Amino acid sequence: LPSNVSPASHTPGAAAAKREGVKRDTYKDCAELFQPIVMEHCGRWGPAALHFLDQLAKRARVSLPDVTCGQFRDHWLKRLGCELQRGIAFSVCHNAEGWHRSNQHVEELKFAILDFV
């Protein structure tokens, strides 16, 4: 039977890999200069992005001899993952503020939430 469930729900990283393909198609005119960097909202990186980060780590070893490739990669995976989550939090808070100001029934909603909790 055909399934309506997205392959991304069954295969870790499928959404990132698919988006990398979309980006490659979008920027195919500059494929020699373009490297798709894709991270899913929960932090999973696309395969091309991981490869790029690995290559960067190998090159960084020349300038940073005391830092291993793994340390360099782990640092940037964590750092960029934190920035992604910060961006998501900002977006959620910004949208919630706009919704709050435009809603005439905020007091009713507050009571409904308090009753639910």
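How many helices and how many strands does the protein chain have? There are four helices and zero strands, and read along the sequence the pattern is α-α-α-α. Helices here are DSSP runs of H or I with at least four residues, strands are runs of E with at least two, and both are numbered from the N terminus.

A word on the ground rules. This is a predicted model, in which local features need pLDDT of at least 70 and side-chain atom pairs count only at pLDDT 80 or more, while totals for chains, interfaces and linings use all residues. Residues are numbered from 1 along each chain as its sequence is written, and side-chain values use heavy atoms, with hydrogens and water left out.

1. Confidence. The mean pLDDT (the predictor's confidence in each residue, from 0 to 100) of the protein chain is 79, and 75% of its residues reach 70 or more. Helix H2 has the highest confidence, at a mean of 91, and helix H4 (residues 106-116) the lowest, at 49. Over residues 112-117 pLDDT stays under 50, and the model has zero contacts there beyond four places in sequence; contact means heavy atoms within 4.5 Å. Where pLDDT is low, the predicted coordinates should not be read in detail.

2. Burial and contacts overall. Of the 117 residues in the protein chain, 14% are buried. Buried means under 20% relative accessible area, exposed over 50%, and partly exposed in between (1.4 Å probe, protein chains only). Among contacts between residues at least 6 apart in sequence, 41% join residues at least 24 apart.

3. Glu20. This residue sits in helix H1 (residues 14-26). Glu20 is buried yet has no salt bridge, and the nearest side chain of opposite charge, Arg24, is 4.1 Å away. For charge, Lys and Arg count as positive and Asp and Glu as negative, with His and the chain ends not counted. A salt bridge needs a side-chain nitrogen of Lys or Arg within 4 Å of a carboxyl oxygen of Asp or Glu. The Glu20 side chain does reach the backbone nitrogen of Ala48, at 3.0 Å. Beyond its neighbours within four places in sequence, Glu20 touches Pro36, Val38, Gly46, Pro47, Ala48 and Ala49.

4. Glu40. Here is another buried glutamate without a salt bridge: for Glu40 the nearest side chain of opposite charge is Arg44, 4.7 Å away. Glu40 lies in the loop between H1 and helix H2 (47-63). Its side chain reaches the backbone nitrogen of Ala15 at 3.4 Å, and a polar atom of that side chain lies 3.0 Å from the backbone nitrogen of Ala16. Contacts of Glu40 outside four places in sequence also include Gly13 and Leu84.

5. Salt bridges. The count comes to three. Arg73 and Asp54 meet at 2.7 Å, N to O. That pair links distant parts of the chain, with Arg73 in helix H3 (residues 69-102) and Asp54 in helix H2, 19 residues apart. Arg73 counts as partly exposed because its relative accessibility is 23%. Arg86 counts as exposed because its relative accessibility is 55%.

6. Cysteines. The structure holds zero disulfides, a disulfide being a pair of cysteine sulfur atoms within 2.5 Å. Cys30 is partly exposed at 34% relative accessibility, and Cys69 is partly exposed at 29%.

How values were computed. A polar contact is a pair of N or O atoms within 3.5 Å; within protein, one must be able to donate a hydrogen and the other to accept it, and residues adjacent in sequence count only if both atoms are side-chain atoms.
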